[in-house]
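Try each task before reading its solution.

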Amino acid sequence: MKKSIKNIKYLFSRMDKPLFIVTVLFFLFGLLNIVTASSREAVVRYEVSTFYYFFKQLQMLFIGVIGSYIILNMKTKAYKDLIWLAYIGVLGLVLLLFPFGKEVNGATNWLPIPGIGTLQPSELSKPVMIVLFAVLFEQNYRILNSNNPKRWNKIGLILIIAFLIPAMTFIQKDLGGALIMLGIFGVLFLSSPIRRIDKFRTIGLGVGLLIVMMSIVVLRQGYLLSDAQLARFDFFNPCSKYETSGYQTCNGFIALNDGGLFGLGIGKSKQKYSYIPEPHTDSIFAIIGEEYGAIKCSFIFMAYIFVIFRILKIATNANTIRGRYMCLGIATYIFLHIFINLGGLFGIIPLTGVPLPFLSYGGSFAISLLCALAVVQRVNIEKQEEKFKLNH
């Protein structure tokens with residue numbers, strides 16, 4: 001016990017404390033708002049306790065904390081041996097969705113787990129893919145940045161990893177998850193050690209592969225996007241389509257408008273009463289905006305900017321190539337979730353249904369986000385250990 005406490009103190013002394021404190025407060029704030037946003041759904045619709053979703057989320061966060069503690073104690077150089085096992089594992093879970101997946105809101109991206117509930121493999125895939133890309137970029141840094149013909153074997157492998165799970169996720173009608181995975185890869189690819197001319201060639205090849213995959217999807221099922229997915233692209237003036245595709249977005253507008261500058265007060269949201277479906281999930285910010293108001297919500301945006309800034313700062317100071325790319329990928333991961341969630345809620349992009357970091361209810365995403373943040377902190381720990389050795 002004493003050894004464990006000593007280890008925790010050691011890890012904490014070398015973590016990025018501002019990032020740690022803000023993320024802990026963010027998760028606690030999210031738990032509070034999950035209770036208020038889900039209270040009506042829990043009691044009236046599902047006939048369970050008001051605190052049902054609170055304890056479910058707390059359970060998932062506890063699992064994420066255990067995973068984070070393991071990651072914090074594992075040197076990043078060990079990822080080279082373990083990350084392929086993790087990738088094969090999440091790939092296997094994604095494949096299991098085809099025969100055993102559960103459909104929710106038109107997407108077959110939930111895997112029933114007896115005794116636990118459901119798992120969303122696409123969420124677990126994101127941090128795993130980030131780490132795998134970072135490891136591959138470091139291992140093949142010189143060959144990717146050279147004229148060696150063998151570099152195309154490495155680039156081909158990277159492309160397969162980049163498109164395989166997103167393609168299957170898209171087929172399972174999880175458009176938001178597929179877009180985020182491809183967006184993460186796009187940022188990492190553009191900042192990768194691959195030569196500029198090879199990047200242009202690879203982009204051309206990637207576009208060609210994308211066209212082929214879309215053609216296969218059309219031949220397989222007769223269409224590329226389902227009616228529900230196509231309806232989401234009709235996102236302009238959602239309140240004029242209140243009875244159809246604009247229902248959720250328009251009610252989000254109403255919630256934010258009702259909140260005004262100062263909000264209605266904690267627990268006093270009106271839109272959570274049957275207007276916004278499952279308000280504790282992807283639309284939780286509408287409830288937060290209604291209850292807290294625009295002025296208080298501005299602190300949420302500042303906190304998001306702070307978190308991404310700290311992660312990018314750790315990336316800049318990282319003492320390994322893999323550490324730099326892992327932090328960059330995780331910062332992109334968090335940013336894309338924020339942008340796609342809030343962009344859909346505010347009606348500036350189609351509503352695709354992805355969780356909002358720290359705030360939305362969702363066990364798979366909470367575990368993945370905690371583990372991703374633990375990777376960032378591990379990179380910082382190793383940098384601080386190197387500083388300590390140099391100074392002594």
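**Exercise 1: the sheet**

Task: find which strand is joined to β1, and by how many bridges.

Solution. Start with the pair itself: β1 and strand β2 (residues 107–113) run antiparallel and are joined by two bridges. Strands here are DSSP runs of E with at least two residues, and helices are runs of H or I with at least four, numbered from the N terminus; two strands pair if DSSP finds at least two bridges between them. Then widen the view to an open sheet of three strands, ordered β1-β2-β3 with antiparallel pairing. Because β1 (102–104) and β3 (117–119) each have a single partner strand, they stand at the edges, and one side of each lacks a neighbour in the sheet.

A note on the source: this is a predicted model, in which local features need pLDDT of at least 70, side-chain atom pairs count only at pLDDT 80 or more, and totals for chains, interfaces and linings use all residues. Residues are numbered from 1 along each chain as its sequence is written, and side-chain values use heavy atoms, with hydrogens and water left out.

**Exercise 2: a helix residue**

Task: decide whether Q377 is buried or exposed.

Solution. First locate Q377 in helix α14 (residues 363–391). Its relative accessible area is 5%, so Q377 is buried (under 20%; exposed is over 50%, partly exposed in between, with a 1.4 Å probe and protein chains only). Finally, list its contacts (heavy atoms within 4.5 Å): leaving out residues up to four places away in sequence, Q377 touches M15, D16, L19, F20 and L72.
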